[in-house]
Amino acid sequence: MRLNELTPEQIEEWRKARMDAGRAQYGDAHMQRYGLVDVMEELLDAINIIDLAAERMAAEPECASSVRSLRLSVQLLIGSVRDTDKLLPDRLCSDEQGGERIWWSEQVRYKVCDECGETPARCGCEEAGDDGD
Ligand SMILES: [Zn+2]
């Protein structure tokens with residue numbers, strides 16, 4: 001089976017099947033996840049997978065070049081995700097149900113507070129005086 005042979009209806013059916021499987025696994029956790037980080041993780045995985053595919057195609061330069069241009073498209077999408085993130089208020093970007101995320105979780109754990117200089121585990125500033133910016 002080849003991807004280019006799929007009809008739009010089949011792709012939509014595929015998407016819904018993945019959504020149903022995701023719902024069964026995660027329920028309503030998305031209401032307390034930072035969804036754009038999930039999107040970012042999928043896009044970074046896509047780049048990694050594209051690089052692996054390019055390795056397989058290394059002996060055929062035209063194919064490798066097509067795969068490289070696909071990589072560029074994914075990089076543009078990453079830029080769009082970051083542009084969208086810039087527009088969102090902090091309250092819609094919390095990640096209580098995000099679980100342990102590769103790399104990201106460590107950055108969040110060790111990021112110090114602008115006000116008190118403490119890591120999130122030790123900082124009490126947010127509850128005290130969040131002015132909502
Ligand atoms: Zn603080």
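Me: How are helix 2 (residues 35-56) and helix 3 (residues 61-87) packed in this predicted model?
Reply: They pack at an angle of about 165°. Their axes are 10 Å apart.

Me: Why are helix 2 and helix 3 called roughly antiparallel?
Reply: Angles over 145 degrees count as roughly antiparallel. The angle here is about 165°. Helix 2 and helix 3 are therefore roughly antiparallel to each other.

Me: Which hand does the crossing of helix 2 and helix 3 have, left or right?
Reply: Helix 2 passes helix 3 in a left-handed crossing.

Me: Which residues make the contact?
Reply: On helix 2 they include Leu36, Val39, Met40 and Leu43. Helix 3 contributes residues including Val67, Leu70, Arg71, Thr84 and Asp85.

Me: What kinds of residue make up the contact of helix 2 with helix 3?
Reply: The count is 16 nonpolar, one polar and three charged. Val and Leu count as nonpolar, Asp and Arg as charged. Among the residues of the contact are Val39 and Leu70, as well as Arg71 and Asp85.

Me: How many helices and strands does the protein chain have?
Reply: Five helices and zero strands. Along the sequence the pattern reads α-α-α-α-α.

Me: How does the radius of gyration of the protein chain compare with that of a compact globule?
Reply: A compact globule of 133 residues would have a value near 14 Å. The protein chain has 19 Å. Its C-alpha trace spans about 60 × 35 × 25 Å along the principal axes.

Me: What share of the contacts between residues at least 6 apart joins residues at least 24 apart?
Reply: The share is 56% in the protein chain.

Me: Why is Ser94 called exposed?
Reply: The cut-off for exposed is 12 or fewer C-beta neighbours. Ser94 has 11 inside 10 Å, so Ser94 counts as exposed. Ser94 sits in the loop between helix 3 and helix 4 (104-110).

Me: What makes Trp103 exposed?
Reply: Trp103 has 9 other C-beta atoms within 10 Å. The limit is 12 or fewer, so Trp103 is exposed. Trp103 also lies in the loop between helix 3 and helix 4. Its phi is near 70°, a positive value in a residue other than glycine.

Technical notes: Residues are numbered from 1 along each chain as its sequence is written. This is a predicted model: local features need pLDDT of at least 70, side-chain atom pairs count only at pLDDT 80 or more; totals for chains, interfaces and linings use all residues. Helices (H or I, at least four residues) and strands (E, at least two) are DSSP runs, numbered from the N terminus. The radius of gyration is taken over C-alpha atoms; the globule rule is 2.2 Å times the number of residues to the power 0.38. Two residues are in contact if their C-beta atoms, placed from the backbone, lie within 7 Å. Axes are lines fitted to C-alpha atoms, for helices over the stretch in contact, and angles run from 0 to 180 degrees between N-to-C directions. Angles under 35 degrees count as roughly parallel, over 145 as roughly antiparallel, 65 to 115 as roughly perpendicular and the rest as oblique. A crossing is left-handed if the near helix is turned anticlockwise from the far one by less than a right angle, and right-handed if clockwise. A residue is buried if 20 or more other C-beta atoms lie within 10 Å of its own, exposed if 12 or fewer, and partly exposed in between; C-beta atoms are placed from the backbone.
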